[in-house]
Amino acid sequence: MTSKVVTIIDYGVGNLLSVKRGLEYNNASVSITGDPDKILKAERLVLPGVGAFANGMSELNKRDFIDLLSAVSLKGTPILGICLGMQFLLDQSEEFGITKGLGLIPGTVQAIQPMAQDGKKLKIPHIGWSNIIKPRDQDVNWSGTLLEGTDETSAVYFVHSFMAQPAISNHLIAGCLYGDNFIPAVIQSENIMGCQFHPEKSGKVGLKMLDNFLGL
Amino acid sequence: MKHKKVRLISRLDIKGPNLIKGIHLEGLRVIGDPQEYAKKYYLQGADELIYIDIVASLYGRSKLPEIVSRTVEEVFIPLTVGGGIRSVDDVKELLRAGADKVAINSAAVQRPDLINEVSRRFGSQCMVLSIEAKKQTDNTWEVYTDSGRERTGIDVIDWTKEGVMRGAGEILLTSIDAEGTKKGFDIDLIKAVTEVTNIPVIASGGMGSFSHLEDAIKIGDADAIAMADILHYERSTIPLIRDAAKKAEINVREHD
């Protein structure tokens, strides 16, 4: 069996090594690159990210990756955005004023509401392990998605202060509860998908999701 | 039951290439290869790992980046790294080596703007403010640096508030008095800090038995517990602690 080839987009921020290792654990052949030509020709792309939205978008912009990623998405290349990388997929973010995103999935990045209904303040950032659950009032089938083979007892590692809210409910695959917030955890529109948590830091369950991505 | 899961964290103090253990952050003993222990705790179901190079702030450069990149080869949970971090460039090097967050103590006390710089550049979720606290006779706590060697004259509660204001995303709170004693966490300290902050607080130092963890969470309101020699010397294990937490109605992650 030949190994699946994955390209991780390097735009100068964050921990790329852990994602690489998580994919290699699943026998993928992984390259980390900032070369537009390699990104354009990639079989599968991972868009990682930590930190502030505006800062990350300006790094993507500096490298002319915004149009490039649009072009790649139209080719049907599977793209997985992780954490801030997921947030980039949407139209815009409300973090420190409005900043434009990649616009590959309709929606807006919003702040997590810090106040719970019982009057208790939630801690922000949301840091830690939460179970992934299916969207309320929606019948979502996880088979054939990143979440195939996992269930609602599976906990994954989140660390974020903002959340990526898709405009179209069909694009929401899974969420997690934090206080009264239903936080989008996995979104997908055809070949474009994102997860708010870090699969590469979520133990066995996360490794399984990365393996699923290799099979898409 | 609290909605949010409490994190069970293995803390590995490092000197040079070795995992070590001290009492009150002194009297160091070599335990073994950090890599082996890190992998063991990952497989046992630890929720996170913390590496602290406890002499790096004294002697400058450390082996941390190298140890970190070896660790993430086979450990797929979050890794916080601290010890001797003085600049945004130091942080960048550790993140590129595979760390997810950095814990900063001495350098933040010397130059508090470093907290702002790190959180602005890498996000507040990456900036863990490490506070070493020592109880004073008037029932306050003073901030110490350099692994409990240097006093600063700064009040722990004031420093907590300032750290949060400057952009810290998490606090690693170590009681120098309790550290390595097995007599339990300084619950009053944890409570005093969690009461004045809205960011997660990791309690560290002094865990000798499960009931200590229960107190730190239920009375102290800690968000996470860092455990060191209780695990290194196998007085308990992550699975046993996880089971005990579930029985005590503490919300923890299911681990298969």
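Select Ile171(B) to begin: its bridge partner in strand β11(B) is Val201(B). Keep in mind that this is a predicted model, in which local features need pLDDT of at least 70, side-chain atom pairs count only at pLDDT 80 or more, and totals for chains, interfaces and linings use all residues. Residues are numbered from 1 along each chain as its sequence is written, while chains are lettered from A and ligands numbered from 1 in the order in which they are written.

Now widen the selection to strands β10 (residues 170-175) and β11 of chain B, which pair in the parallel sense over four bridges. Pairing here asks for at least two DSSP bridges between the strands. Helices (H or I, at least four residues) and strands (E, at least two) are DSSP runs, numbered from the N terminus.

Stay on β11(B), residues 201-204: Val201(B) and Ala203(B) point one way, Ile202(B) and Ser204(B) the other, and all are buried. A residue is buried if 20 or more other C-beta atoms, placed from the backbone, lie within 10 Å of its own.

Right-handed says that, with the strands pointing away from you, the path from the first strand over the helix to the second runs clockwise.

What lies on from β11(B)? Strand β12 (residues 224-227) of chain B runs parallel to β11(B), joined to it by three bridges, and there Ser204(B) has Ala226(B) as its bridge partner. The chain gets from β11(B) to β12(B) through helix α9 (residues 210-218) of chain B, in a right-handed crossover.

Move to helix α6 (residues 113-122) of chain B and pick out its buried residues, Leu114(B), Ile115(B), Val118(B), Ser119(B) and Phe122(B). They sit on the same side of α6(B) because they cover an arc of only 125 degrees around the axis, taken from the directions from the helix axis to the C-beta atoms. Their packing partners in chain B include α4 (88-97) and β7 (127-135). Just after the helix, check Gly123(B), with its positive phi of about 95 degrees.

Finally, show both chains: 31 residues of chain B are in contact with 28 residues of chain A, contact being C-beta atoms, placed from the backbone, within 7 Å. On the side of chain B that touches chain A, α4 and α6 of chain B each supply at least two residues, and α4(B) gives the most, with three.

Notes. Buried ≥ 20, exposed ≤ 12 C-beta atoms within 10 Å, placed from the backbone. Contact = placed C-beta atoms within 7 Å.
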